[in-house]
Structures are given as C-alpha cells and as structure tokens.
Amino acid sequence: MPARFLYIAVLLLMPLLGKAQSFDDMVPAMTPQSLPLVNVEVNVDSLNPTTFVPGTITIVEHKDGAASWQSYNCLARKRGKTARNLPKVSLAIKLVDEQGEKLDVNLLGLRNDNTWILDAMAIDKMRMRNRVCFDVWNEFSHTMWDTSFGNRNGTVGTMVEVFLNGSYNGIYHLSDKINRQLLNLRKAKVNSDSTVTIKGLLYKGAHKTLSNNLLDYEDDRTDTTLWNSFELQYPEDYPSLATWQPLMELIDFNGKTSVDYFKEHYTEWYYVDNLVDYFILLLAFGIDDMPYINTFLSTPDINFGHQFMISPWDLDSSLGRRGDGSPASPFVFLNHLNSYGPYNRIVAYNIDGFKNKTATRWKQLAQEVLSPAHVESRINAIAQRFIESGAWQREYERWKSFNEIATGPDLDQEVQYAMNWYNRTHLSLTDQFLRWEEGYVPGEDDSITSSTITKIYDYILGYNTTFDEKLDIDGDGIITVSDVTQAYNYLLQ
C-alpha cells in the first residue's frame with residue numbers, strides 16, 4: 001500500500017499510537033508492527049567524538065509472538081562530521097565482553113561483528129535515504145573478489161527506535177560497517193623481527209583537501225592514521241609510509257602520468273565494472289558529497305597487485321537533499337565528477353568505450369533495480385513500517401521543536417518530494433546516456449577547440465541566441481560558464 005494511503009488510514013490512531021514512552025513502557029506494548037527497540041545506557045554528558053565511553057546496549061524485537069532480547073556491554077562515542085554536533089546524536093558502538101575485549105555478535109540477523117552504527121539520520125527529512133540507497137546499491141554492485149558476505153560492497157541495516165538511558169530519542173538506522181572483515185582484506189603480518197608486512201588496505205575519504213580529487217596531494221605525515229584527506233581504516237594499528245605509499249602511487253598515477261600511459265595501464269589500478277557502477281550510483285541518486293568524501297578505497301593484498309575498489313559511504317545526501325537537508329540543485333549530468341580522478345580521463349577520452357559501457361549498464365539497471373517503481377517500492381516499504389508502528393509520529397513529536405532536524409508530520413510529503421526528484425533525474429539520465437550510447441561527443445565535429453569556447457561565450461553574452469547542444473559540454477541541458485570550464489578541462493588534458 002502506498003505510504004500516502006496508509007498514512008491516512010492510521011491518522012486517527014496517531015495520538016495513541018505515536019505517543020513517546022519510556023523503554024520499560026514500550027517493550028510490553030510491542031506488536032508485530034513494532035520496530036526493534038534499542039536502549040543505550042551511557043553517561044550522555046561524557047559522549048564525545050574521539051574516545052569511547054563504557055555502557056550497555058539492549059535490543060528488543062517482536063519475534064514469534066513475544067519480545068526477544070539481546071543485551072551486551074559496549075563502548076560508545078559520537079560519530080559523524082556534522083552529526084556529532086546535532087542534538088539527536090549518532091553513535092558508534094563497539095560490543096565488548098566482561099573483560100573489555102571485542103565481542104562479535106549477530107545483531108537482528110544482520111551479520112556477526114563487534115562494531116556497529118546507530119545513525120540518527122537527523123538531517124534527512126525522510127529518515128531513510130542512506131538505507132534506501134545502500135539497499136539498491138547492494139542489489140546491483142558487488143565486490144570484485146570473493147568474500148564471506150556474498151560479495152557485498154555496502155552496509156546492511158534496519159530501522160529501530162532508540163532510547164538513551166530509557167528515554168525516547170527517535171528513529172535510528174542500525175547498520176554494520178564497511179571494514180576489513182566485510183571486504184575480506186588480508187590481515188597485516190607481524191614478522192619474527194617485529195617488522196610488519198602490510199597486505200590488505202582500506203582508506204576512507206574524510207576531509208575536503210587537495211587530495212580529495214585523487215589527482216594531487218600535499219606533503220603530510222605518514223606516521224598517523226590521517227593523511228591529507230584520507231583516514232587509514234585498515235591496518236589502523238600500523239600507520240607508516242608503507243601503508244600510505246600505495247595511495248600516493250594511485251594519486252600519482254591519476255594526476256602525474258601522461259594520457260597515453262594512463263590509457264595503457266588504468267586497468268592495473270581500477271576495476272572498470274566498479275567504476276561504472278559507482279559512477280551511476282552518484283548520478284542516479286544525486287549523491288551530494290562524493291567523491292571522495294564518504295568513500296572507501298580498498299585492495300585485498302597490496303603484495304599481489306594494486307587494483308583499488310570503490311565502496312560508497314553515508315548516502316544520506318541524496319534523492320534531492322543536500323548534506324544540510326536543503327533541496328538539491330536541479331539535476332546536472334556529470335556535475336563535477338569529471339574533475340576527479342580517474343573519471344577526468346576515462347570520461348574525457350572515452351577510454352575503451354567507457355561511455356558506451358556506462359550507457360549500456362544504465363539501460364539495463366534503469367528498467368530493473370534503478371527503475372522509479374523499484375526505488376519507490378523500497379521507500380514505501382520503510383515508510384509503511386514507520387507509520388504502522390507509530391514511530392514516525394513519535395519521531396515528529398520528539399524533534400518538532402528543533403528546526404534544523406525536524407521532520408514533517410506527514411511522511412508522504414517528503415516521500416513524494418524524493419520520488420518527484422528521482423523521476424526527473426531518471427528521465428534526464430536516460431536521455432543523456434542515450435547520447436553516450438549513440439557515440440555523442442560534445443563540441444562541434446565531435447571535438448572541442450578554442451573555437452568551441454568562443455562560441456560558448458558568444459551564446460552566454462547574447463551574441464548568438466541559437467541553442468546548440470554541441471556547446472552543452474557538461475550535458476545539463478543549458479549553456480553556462482560551467483561549459484566553459486569543462487571545455488578548458490578537455491583542452492588541458
């Protein structure tokens with residue numbers, strides 16, 4: 001049932017159904033429609049973004065007609081770059097045993113691990129964008145090597161209602177993490193002489209600095225887990241030149257080699273299918289803060305090759321909303337992607353028919369997992385649980401006085417906003433990829449010259465008022481100074 005009809009159907013029950021209560025009061029009232037309930041007992045005043053503080057976590061789900069409990073000791077800290085400063089706090093959780101050692105547990109059937117995320121989704125007015133985008137990504141893209149988790153290259157998670165020290169705090173997204181275990185990266189080896197042999201590597205884009213475009217970097221220390229704009233996620237215990245050198249070499253390959261050398265060797269550094277899928281993900285969902293913020297780069301064992309795979313992260317800046325919750329700009333094909341390595345060369349020079357490969361992949365996915373109907377079904381499934389459980393009304397009541405993170409009382413309004421945005425984007429992408437499939441190259445006579453730039457300026461300044469799609473270099477349907485920039489990028493390659 002579409003979310004808008006379900007919302008109307010239960011509207012009259014909301015005063016009772018959506019009443020926020022304590023953890024102890026809500027557990028006995030659970031029904032098959034209830035979201036799992038999570039209570040974190042922790043000194044809230046001690047929570048901070050850098051160190052973990054001790055606590056306990058209790059998870060209750062309605063299962064087989066009764067409440068099923070899981071309770072563990074844990075360590076908790078605030079998480080997120082922006083989220084850590086919001087009143088609805090997001091948490092990173094580590095499960096530990098009585099001795100304080102890591103404890104791997106399967107939470108709610110997701111997977112066996114000790115590190116978990118309770119994402120408050122505070123900026124997301126729909127409280128589900130990250131989960132929806134990851135669920136779709138997991139359907140069409142996978143790791144480039146075998147793993148123990150079905151070659152999954154993204155998180156799994158479920159929606160829960162969270163309590164802090166028994167007091168209601170709202171809808172959260174409980175998920176696993178992208179880490180060494182999920183991606184099956186080989187462990188570092190400590191040798192008999194106490195030296196370390198680095199094997200699997202996992203980097204995460206964390207900051208916007210020069211290296212964020214994977215084309216250049218600044219001199220920086222290599223003895224810490226933070227280098228330029230990247231965090232060393234594995235092996236985080238051994239930050240050194242040996243762990244950071246492969247990333248330097250990848251960036252040097254993107255930004256300092258000749259075009260001919262790049263064309264000949266790029267498949268030694270990247271998996272083309274992964275590049276295609278990631279490219280489509282960003283465009284289809286309008287991911288606002290990638291690449292390479294919120295992006296993982298990994299290789300299973302650097303001793304047997306340096307091909308890096310891309311894994312996405314934090315997909316809440318999507319489906320028509322920016323990272324601060326504001327409406328996203330109208331769809332722009334490519335946007336700034338062609339100023340990031342390796343797309344700046346692969347797309348610009350259509351290396352090995354990359355444009356046709358991407359167009360063909362889109363043509364397949366656009367009728368399947370990326371079809372508007374399928375995406376809407378994913379959204380509606382979560383929306384239905386929010387409404388039936390009363391969680392949406394409780395969320396609204398809990399945070400309605402906090403303007404920066406407040407939701408609307410009518411979930412359907414935001415669902416329709418997201419789907420209207422997605423439908424428009426889907427149509428635009430289909431049109432643009434059709435041009436790629438047909439071998440379209442921007443610029444007159446399938447080339448870009450200084451004359452092209454002059455004609456773009458003439459159009460912008462009004463000297464020529466006839467629209468020519470060949471001057472629409474970035475493919476956004478209009479001719480602006482952005483096309484001048486893109487044309488210069490082509491010429492400077």
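In the predicted model, the side chains of Arg 129 and Glu 414 form a salt bridge, with an N to O distance of 2.8 Å. Arg 129 belongs to helix α4 (residues 129-140) and Glu 414 to helix α13 (residues 411-437), so the pair ties together parts that lie 285 residues apart in sequence. Arg 129 has a relative accessibility of 0% and therefore counts as buried. Glu 414 is buried as well, its relative accessible area being 8%, because the limit for this class is under 20%.

The whole structure contains 20 salt bridges. One of them joins Arg 111 to Asp 113, where the closest N and O atoms are 3.2 Å apart. Both Arg 111 and Asp 113 are buried. Arg 221 counts as exposed, at 51% relative accessibility, whereas Asp 223, at 46%, counts as partly exposed.

Five strands make up an open sheet in the order β13-β14-β12-β15-β16, and their pairing is antiparallel. The edges are formed by β13 (226-227) and β16 (309-312), each of which pairs on one side only. Strand β13 is joined to β14 (residues 230-234) by two bridges in the antiparallel sense. Leu 226 has Glu 231 of β14 as its bridge partner.

A nonpolar patch on the surface consists of Tyr 457, Ile 460, Leu 461, Tyr 463, Val 481 and Tyr 488. Together, these residues have about 650 Å² of accessible area. Helices α14 (450-460) and α15 (481-492) each supply at least two residues of the patch. Tyr 457 is located in helix α14 and, at 37% relative accessibility, counts as partly exposed.

Technical notes: Residues are numbered from 1 along each chain as its sequence is written. This is a predicted model: local features need pLDDT of at least 70, side-chain atom pairs count only at pLDDT 80 or more; totals for chains, interfaces and linings use all residues. Side-chain values use heavy atoms; hydrogens and water are left out. Two strands pair if DSSP finds at least two bridges between them. Helices (H or I, at least four residues) and strands (E, at least two) are DSSP runs, numbered from the N terminus. Patches are made of residues with over 30% relative accessible area and no salt bridge: like charges are joined within 9 Å, nonpolar side chains (Val, Leu, Ile, Met, Phe, Trp, Tyr) within 5 Å. Accessible areas come from the Shrake-Rupley method with a 1.4 Å probe; for residues, only the protein chains shown count as cover. A salt bridge is a side-chain nitrogen of Lys or Arg within 4 Å of a carboxyl oxygen of Asp or Glu. Buried means under 20% relative accessible area, exposed over 50%, partly exposed in between (1.4 Å probe, protein chains only).
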